[in-house]
Amino acid sequence: MFVFGLCDYAISAQNDLAPPKPEDQVAFEPRGIHSGKLVILPAMSYALTYTDNSLRVSNHEKRDVLQEISPSLRVLFNRDGTANFDLTATSVWHDYLQNSAKDYLSHAINTEFGLNHIFAEGLSFTLANQYAQSGNTSALDNEMIAFTRYQTDKAAFKTEHRFNRFAISGQYSFSLTDYFNRANSAADYIAHSGALEGSYELVPERSRIFGSYEFIRTMYLSANTGDFDSHAMLVGLRCVYGKLTYTVGVGYANSISLHSNQQDDGPIVNAT
């Protein structure tokens with residue numbers, strides 16, 4: 001088995017790399033509303049996307065233009081680098097202009113609270129939560145049921161200790177996926193995951209090599225016959241250049257059924 005995938009972390013990786021320097025920032029970045037250490041950033045975005053298969057079917061394909069209107073609000077608070085809070089709320093109206101598919105509404109609320117240099121220099125703790133609700137999935141997401149309303153929620157706790165150029169971190173997260181339609185309840189599941197990572201900074205504020213291990217237990221709510229454990233080990237490089245941040249890594253992963261002898265394993269390649 002050979003897998004190429006993209007990773008999505010519950011807790012932002014922004015603390016792993018330094019923020020952009022003033023010379024890297026552009027003049028048209030949002031300024032927001034400032035009040036002391038509080039920053040409020042309202043925003044509005046608009047997108048048009050052409051699709052030659054709006055229903056995502058293998059036959060009787062239909063063309064359409066998807067219009068998406070998205071207001072959002074972000075609230076930031078930073079107390080001298082020792083405590084920070086970040087909240088982002090977004091709504092998106094998805095409108096198929098030629099009515100080939102049903103229009104739908106999506107919501108997302110992400111929060112993150114962090115404490116830095118607590119008990120020891122370089123020690124930090126972070127709590128995060130990501131909630132989303134939508135009437136459809138992304139065109140690139142083939143693991144979710146399309147054109148039906150569902151919600152996901154993921155809560156995570158992370159602690160990290162940095163000393164000189166070394167860093168070590170641990171993270172635990174709990175996630176839930178729930179379909180509103182009872183007919184799809186067999187696909188509802190929860191997942192517990194834990195991760196450990198060690199890294200070394202090659203170039204200050206620019207590049208870091210890392211090694212990580214992650215364990216995930218997935219359990220379905222209506223029946224336990226599909227429950228499974230997965231393990232992944234990864235080594236790679238994380239870099240930042242101006243406003244571009246990227247990670248590449250290679251490793252090994254396997255999945256094991258909890259109720260049979262079935263398992264799947266092989267090399268993995270990760271790029272974000």
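In which strand does Met44 lie? Met44 lies in strand 3, where strands (E, at least two residues) and helices (H or I, at least four) are DSSP runs numbered from the N terminus. The model is a predicted one, in which local features need pLDDT of at least 70 and side-chain atom pairs count only at pLDDT 80 or more, whereas totals for chains, interfaces and linings use all residues. Residues are numbered from 1 along each chain as its sequence is written, and side-chain values use heavy atoms, with hydrogens and water left out.

The chain has 14 strands and zero helices. Of its 272 residues, 30% are buried, the classes being buried under 20% relative accessible area, exposed over 50% and partly exposed in between (1.4 Å probe, protein chains only). Strand 5 (residues 83–96) and strand 6 (residues 104–116) run antiparallel and are joined by 12 bridges, pairing of two strands being taken as at least two DSSP bridges between them. Within this pairing, His94 stands opposite Tyr104 in strand 6. Strand 6 also pairs with strand 7 in the antiparallel sense, over 10 bridges, and Asn116 stands opposite Ser124 in strand 7. These two strands form a hairpin with six residues between them, and His117 in the turn has a positive phi of about 60 degrees.

Met44, at 59% relative accessibility, counts as exposed. Together with Tyr46, Leu48, Ile69, Trp93 and Leu97, Met44 makes a nonpolar surface patch of about 630 Å². Patches are made of residues with over 30% relative accessible area and no salt bridge, like charges being joined within 9 Å and nonpolar side chains (Val, Leu, Ile, Met, Phe, Trp, Tyr) within 5 Å, and accessible areas come from the Shrake-Rupley method with a 1.4 Å probe, only the protein chains shown counting as cover for residues. The largest share of the nonpolar patch, three residues, is contributed by strand 3 (residues 38–51).

A search of the whole structure finds six aromatic pairs, a pair being rings of Phe, Tyr and Trp (its six-membered ring) with centres within 6.5 Å, and planes under 30 degrees apart counting as stacked, over 60 as edge-to-face and the rest as tilted. Among them, Phe125 and Phe157 are stacked, at 6.2 Å centre to centre and 25 degrees between the planes. This pair links distant parts of the chain, with Phe125 in strand 7 (residues 123–134) and Phe157 in strand 8 (residues 150–163), 32 residues apart. Phe125 is partly exposed at 23% relative accessibility, as is Phe157 at 37%. A tilted pair is formed by Tyr150 and Tyr179, at 5.8 Å centre to centre and 45 degrees between the planes. Tyr150 is buried at 12% relative accessible area, and Tyr179 is buried at 4%.

Six salt bridges are found in the whole structure, each defined as a side-chain nitrogen of Lys or Arg within 4 Å of a carboxyl oxygen of Asp or Glu. One of them joins Arg74 to Asp86, with the closest N and O atoms 2.6 Å apart; Arg74 lies in strand 4 (residues 64–79) and Asp86 in strand 5, so the pair ties together parts that are 12 residues apart in sequence. Arg238 meets Glu197 in another salt bridge (3.3 Å, N to O). Arg238 counts as buried at 7% relative accessibility, and Glu197 likewise at 16%. Arg238 also lies over the face of Phe210, at 4.6 Å from the ring centre, the criterion being NZ of Lys or CZ of Arg within 6 Å of the ring centre and within 35 degrees of the ring normal.
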